[in-house]
Every structure is written in structure tokens, then in C-alpha cells.
Amino acid sequence: VFPIFSSGFNIGAAAAQLRQNQPKPQPSVMSHSKIERMNAYKGSSFPSWVVLATGAALTPLVYFGIRSVVSVGLAAPQAAPDRLLLLLKCLPAFAITFFSEFVFGARARSTSVKASAEPAAAVCAGIVPYELVEANRIHQNQIECAMMYIPVLAGLAAFCDDAAPYDARIIPTLSFFWVVSRAVYRVGYTSSESFWRISGVLMSNSVVLLGLPYCLYRLAQAVF
């Protein structure tokens, strides 16, 4: 057993030494400028209240803008099966965001031949370009938000009855509201100012913060 562990240790040490001896890749012009900006970063040029106010203002503006083009026929009471079927029909809206992440991720990998060929190996070797790190972080946040947003939307659809303070138009409205809010987040993340990134987060999370307590309240009424 000892020779096996010994040989494994030697292989690991040799791999570590090889990684240390590898020349570090030069950052691209884009990543170099962003690294320099982060080194000199001393806080946002916008006060925090401006960021919060912008996100709070964009939320109803975008929501009612989308709602205004949704079919008025959906304002009529809808049976539960019809509401859930409408929810399923709207799910492709979420695919828009994640398909775009696939495209942006492929573009980020293309900035490095090694990262494009073996993304996982590039991470382990410590040669991941900034563009790929940025794309992965955006994609991770999209998934984190979707895991909260979609269940809340499903709950709102399920509890959209006569007792609800809204109608079935909320289903397609919030589905496409997701696309817009996460687009604002992505554009803000890749810009030189984190202002818009935070505004995009506030837009999507406002739906969760408002919808989740209502869904839990209706769930408690139905169960207890």
C-alpha cells in the first residue's frame, strides 16, 4: 500500500511543480483594464440611495410596461389547470436568459485557446482568463436567482384565485420581467459601473421579496 501512496504523492508533487513552472498568460487588454480599475476602486461614484431608488423605480416601470401589452382576456378568472398551463407556456421565456448565457460563455472561453479546449483544466492550472471568470460569475448568479424566482412565480400562479389581489396576467408579465431584469444585471456586470448590476438584482429580487411572503401566507391558510 505504501508504494502506491508514495507514487501518488510523487505524481501530485510533480504536477504542482509543473504548474509553478508554467509561464503565466498575459491578460488581455480588456481584463487588464478591469483589473487596474478594481485595484484603484474606492467605492461607487453613485450614493447607495440612488442605486436603491433606481432599482425601485425601474421595477414598476418595466412591470406595468410589460403588463400593458399582455392580453386583457387573461384578467378574467382562470381555472387552476388553465393558470398552470399558462405558466408552462411561459417557461421558454426563462430559456432566453440561459441560452444567452450559453452564447456569452462560449464567447468568453474563446478568449483563451486553453480555456476553450479544457475549461476545468484551465481552472485547476490557474490560467483562467478574466472574461471567463466574469461569465461564470454572471451565470452562477442567474441560476441562484432563478431558484428563487421560478418557485415564487409558480406559487403566485397556483394562488391566483378570487382571493388574490392580482389576476392571471401576472404570469406572462413576470416571466418576461425576468428576462428584462436579468438583462439589466448582465449589462451592468460587464460595464464599468456596478450601478446597473445592483439595479438588475433589485428588480428581480423585488418579485421574490413581495411574492414569497404572500405565497407562504396562502400556504399557511391552506395547510393549517
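This is a predicted model: local features need pLDDT of at least 70, side-chain atom pairs count only at pLDDT 80 or more; totals for chains, interfaces and linings use all residues.
The protein contains ten helices and zero strands, and its elements accordingly run α-α-α-α-α-α-α-α-α-α from the N terminus on. Of its 224 residues, 35% count as buried. The protein exposes about 13,600 Å², and carbon and sulfur atoms supply 71% of this area. Among contacts between residues at least 6 apart in sequence, 78% join residues at least 24 apart.

In soluble globular proteins, nonpolar side chains tend to be buried together. In the present model, the largest nonpolar core comprises 34 residues. Within this core, Tyr-149, Leu-156, Tyr-166, Leu-174 and Phe-177 touch the most other members. At least two residues of the core are supplied by each of helix 3 (48-67), helix 4 (80-90), helix 5 (92-109), helix 8 (130-158), helix 9 (170-190) and helix 10 (195-223). Helix 8 provides the largest share, with seven residues. When residues up to four places away in sequence are not counted, Leu-156 touches Tyr-166, Ile-170, Leu-174, Gly-211, Tyr-214 and Cys-215. A second, separate core has seven residues, among them Ala-108, Ala-125, Leu-132 and Ala-135.

The packing of helix 4 and helix 5 was examined next. The axes of these two helices lie 5 Å apart and form an angle of about 20 degrees. Because angles under 35 degrees count as roughly parallel, helix 4 and helix 5 are described as roughly parallel to each other. Helix 4 contributes Leu-88, Lys-89 and Cys-90 to the contact, and helix 5 contributes Pro-92, Ala-93 and Phe-94. By class, five residues of this contact are nonpolar, one is charged and none is polar.

The relative accessible area of Thr-59 is 15%; since buried means under 20%, Thr-59 is classed as buried. Leaving aside neighbours within four places in sequence, Thr-59 is in contact with Phe-177, Leu-202, Met-203 and Ser-206. Of these partners, Phe-177 is also one of the residues that touch the most other members of the largest nonpolar core.

Notes: Residues are numbered from 1 along each chain as its sequence is written. Side-chain values use heavy atoms; hydrogens and water are left out. Helices (H or I, at least four residues) and strands (E, at least two) are DSSP runs, numbered from the N terminus. Buried means under 20% relative accessible area, exposed over 50%, partly exposed in between (1.4 Å probe, protein chains only). Contact means heavy atoms within 4.5 Å. Accessible areas come from the Shrake-Rupley method with a 1.4 Å probe; for residues, only the protein chains shown count as cover. A nonpolar core is a set of buried Ala, Val, Leu, Ile, Met, Phe, Trp, Tyr and Cys residues joined through side-chain atoms within 4.5 Å. Axes are lines fitted to C-alpha atoms, for helices over the stretch in contact, and angles run from 0 to 180 degrees between N-to-C directions. Angles under 35 degrees count as roughly parallel, over 145 as roughly antiparallel, 65 to 115 as roughly perpendicular and the rest as oblique. Ala, Val, Leu, Ile, Met, Phe, Trp, Tyr, Cys and Pro count as nonpolar, Asp, Glu, Lys and Arg as charged, and the others, Gly among them, as polar.
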